[in-house]
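User: I am new to this structure and would be grateful for a close look at one part of it, followed by an account of its surroundings.

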Amino acid sequence: MKLKVSEVAKELGLKSKEVVEIAKEIGVPASIRGGISPMDAMKIEEYIKNKHAKPQPEKKVEKQEPKKEEKAEEKPKRKRRSSFNELVKKTQKGIQIVQKAPKAPKEEPKKEEKVEAKAEKPKTQPQPEQKQEKSEKPKPKKTKKPAPKKHVEEKELEINVDLAEMDVIEENQVELLDLYFNDIAMKDEEKLEEKAKTKTQIENQKEAKKQQQLKKQKAAKKSGGITKTAIKKKKKKKKKEKEVEVIKIPKEVRVYEFAEAINKPLEDVIEALRELGEERDKNDFLGEEYIETLAEEFDVPVEIYDPLAEFDYVKKYDEQCPEEEFDTERPPIVTIMGHVDHGKTSLLDRIRNSRIAAKEAGGITQHIGAYMVEKDGKKITFIDTPGHEAFTEMRARGAQVTDIAIIVVAANDGVMPQTREAIAHAQAAGVPFIVAVNKIDLPEANPDLVKSQLAEMGIMPVEWGGEYEFVNVSAKTGEGIDDLLETILLQAEMMELKANPKCPAKAVVIESRVEKGKGPVATVIVKNGTLKKQDSFVCGKTFGRVRLIIDDLGKQKKEVLPGEPAEITGFDEAPFAGDTLVAVESDRIAKETAEKWKEYLERREKSKTTKATLEDLQKMILEGNLKKLPVIVKADTQGSVEAIKGSLAKLKNEEVKVDIIHSDVGAITENDVILAKASEPHAIILGFNVRPTTQAKNKAKQEGIEIRTYSIIYDLIDDVKELLSGLMTPKIKEQVTATVEVRDVFNVPKVGTVAGCYVQDGVVHRGDFVRVIRDGVVIYDSKLASLKRFKDDVKEVGKGFECGIMVEGYNDVKVGDILETYQKIEEKAKFE
Ligand SMILES: Nc1nc2c(ncn2[C@@H]2O[C@H](COP(=O)(O)OP(=O)(O)OP(=O)(O)O)[C@@H](O)[C@H]2O)c(=O)[nH]1
């Protein structure tokens, strides 16, 4: 765990920069961005303490010794603090380490005062006036001054204890002090206490003076006059007011925007960042930590706000319709997950008594659908999550709306990679799950194997003493289906899933698409409230008014209740799967909120590009050498777009990657072709369950742009893999052609060394490469310079024949050397 540097600095009464500097000095890692470990924070604290402990004269220590012993008797041995966190907690209880006001020691109390103060301690009644005064007192932090390093040395630790509080919790307080400064001699504590008390007394005196002056002013005012002091005061007050004016800074702000906001020269801000070890450009974004640190550095009070909060419509909704007011039971929302072909669609199909699986292209579920079933008068909403790996992202989203997950495992196949993945998704989302062991009708079915495989992963079945429900089912015969539904309802009952139908609606988009005549259509599941026709709504970047509500059976409805799915129309654009829809008072509010949200997301997107860390940069540089395959993805539903994008993003290796330059829902248009043409190299357009318009087709022909369409996702991915393979550098394989023995060597003047050879094995070719091997070691690797039979150049010489060979660039061939001739064969690389 890391602590924020600014927090540590605050606790130590230092500036963040100073903490970083000290850390550097004592060799512990601390940075504004990375924070500091509690251990290292303690080291810094120790360092400061030691620094201040040093100058204390030894004599004093001796003098105070008896008292020290006395205290030691009263209290158990001081424990060492285990973490800086603990320190933070303790400090919050009333102790603060603050910087000492520069000249305070002058006003140190006399011995008698100290005794007096001590004598007052046992009083248990707090003195309200004193307390108030104290709390109004500004923290003495402001007294710190110029050069930071020097400043650290000059600093002294002081305990600023609220006296009134001390009266009440004195015992506790002293104990805390004790724990806190376990290394500081008791004399210091007392001294510090005295100082604190003296301070209070000084404050009292000041206050009394102030009151007197106030009286004077009032009197002057009454008599119609105005005193000089009053004018001065007024001016001062104004100045002070100006000084404490808190500047609001958005959470994500660029360096130059920050400089403008705090009214400081940009160069100063950049320089301050440099001093903190950060090389930043004016357009770079500052993190919250840097905003805080810089504000401290420039001594300007800032308030960091989240611009998103202003139009976080979901948050607003949750505040208006709090969960505590959910009073009506709602159907559970169930997701079926599992490995490909383990029977998810068949299972849902069986549950609904319809046959979805047969209708789907290639037998694969292509997108998420949501359906409802009824069992014993109770409803269950099912989200049908497709099983292909490409849909992992959608599945992750599905799990977010899900109350209960069903993990389907085929009893004949057992736990597979996507079974584990599905479990991981459910666990990550904190969604309870039931294991449906499917295909138990098959003779080779082994449900116990599934149980033991999952038990090994910590998913222990209830009947084996664990907490996971396993239900044996057969989507084919219908066996166990009732049992599964009962288990779901039981689980739902335990979860007490409730909602408030009287609230405006809050729903989650499961999928969306654009339909001819209807425009954007989205499948949503209402999480709370009731979604009605004509409701104005905001849904991520989109907005609209509910025009049509169609239930899972294709019937038109007037409203959708909590936990129920429906398809709705009325969006201005297709929303994203996973977006939250919230009904709002008016179209105007819906539009405004959506626009602000869009603006925010765009801003955040932009900020991502400039927020590149060094790591990102290195990655980008490395990727610069990557060959990219630019593609445009068009698909029938938003869910498919997301899934394909997710899948394609994974297709990369150290040499090639897919570059998705555009993706959208809908047919392939002329614009897509234009965009593909604009890309360098030209992009390939991939259509999934969509086709190009006639204009797009013509344009593509004209511009030489390739459009490929698919209805099965595997094919799309395989095709892209093939394209990527084409981009990869072919692999070079070596093939040995012959082994040749050097039996004689001739030095031909002006030509070089010719080796008289005998081909032991294979066939030597004229253009072959050759390795010279002596005593089993390769001593030279080159090419054949010439290949002769007697005096003639030949193309090849076979096994058992003699030949003359010259090795390019090598004249040192010796009798007994072995020449290994070989050819380099190019092999097309394959993207795996
Ligand atoms: N014998 C038997 N076959 C089943 C059972 N359930 C599903 N199948 C068969 O298993 C194959 C895959 O079933 P699907 O329901 O398409 O599987 P899925 O998990 O939805 O597959 P994807 O949508 O591709 O992820 C089909 O041929 C089904 O007929 C079952 O209980 N018993």
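Which residue in β29 stands opposite Phe688?

Analyst: Phe688 stands opposite Tyr710 in β29. The model is predicted: local features require pLDDT of at least 70, side-chain atom pairs count only at pLDDT 80 or more, and totals for chains, interfaces and linings use all residues. Residues are numbered from 1 along each chain as its sequence is written. Helices (H or I, at least four residues) and strands (E, at least two) are DSSP runs, numbered from the N terminus.

The strands concerned are β28 (residues 684–688) and β29, which pair in the parallel sense over 4 bridges; two strands pair if DSSP finds at least two bridges between them. They belong to an open sheet of 4 strands, ordered β27-β26-β28-β29, in which the pairing is parallel. β27 (656–665) and β29 (707–710) are its edge strands, and each pairs on one side only. On average, neighbouring strands of this sheet are turned by 25° against each other, direction ignored. Such angles run from 0 to 180 degrees between N-to-C directions, with axes that are lines fitted to C-alpha atoms, for helices over the stretch in contact.

Helix α26 (residues 638–649) lies across this part of the model, over β26 (627–635), β27 and β28, and runs at about 170° to β27. Contact between two residues means that their C-beta atoms, placed from the backbone, lie within 7 Å.

Two further helices may be considered next. Helix α27 (residues 670–678) packs against helix α28 (residues 694–703) at an angle of about 20°, and their axes are 8 Å apart. α27 and α28 are therefore roughly parallel to each other; angles under 35 degrees count as roughly parallel, over 145 as roughly antiparallel, 65 to 115 as roughly perpendicular and the rest as oblique. From α27, Glu670, Asp672, Val673 and Lys677 meet Gln695, Ala696, Lys699, Ala700 and Glu703 of α28. By class, this contact of α27 with α28 has 3 nonpolar, 1 polar and 5 charged residues. Here Ala, Val, Leu, Ile, Met, Phe, Trp, Tyr, Cys and Pro count as nonpolar, Asp, Glu, Lys and Arg as charged, and the others, Gly among them, as polar.

Helix α13 (residues 255–262) and helix α14 (residues 266–275) pack at about 120°, their axes being 9 Å apart. α13 and α14 are therefore oblique to each other, and α13 passes α14 in a right-handed crossing. Val255, Tyr256, Phe258 and Ala259 of α13 make the contact with Leu266, Val269 and Ile270 of α14. By class, the contact of α13 with α14 has 7 nonpolar, no polar and no charged residues.

There is also an antiparallel sheet. It is open and consists of 7 strands in the order β21-β20-β25-β17-β18-β24-β22. β21 (542–545) and β22 (549–550) stand at the edges with a single partner strand each, so one side of each is left without a neighbour in the sheet. β22 is joined by 2 bridges to β24 (residues 565–569), and these strands run antiparallel. Ile549 stands opposite Ile568 in β24. Helix α17 (residues 313–320) lies across β17 (506–515), β20 (536–539) and β25 (580–584), at about 60° to β25.

Definitions and conventions. A crossing is left-handed if the near helix is turned anticlockwise from the far one by less than a right angle, and right-handed if clockwise.
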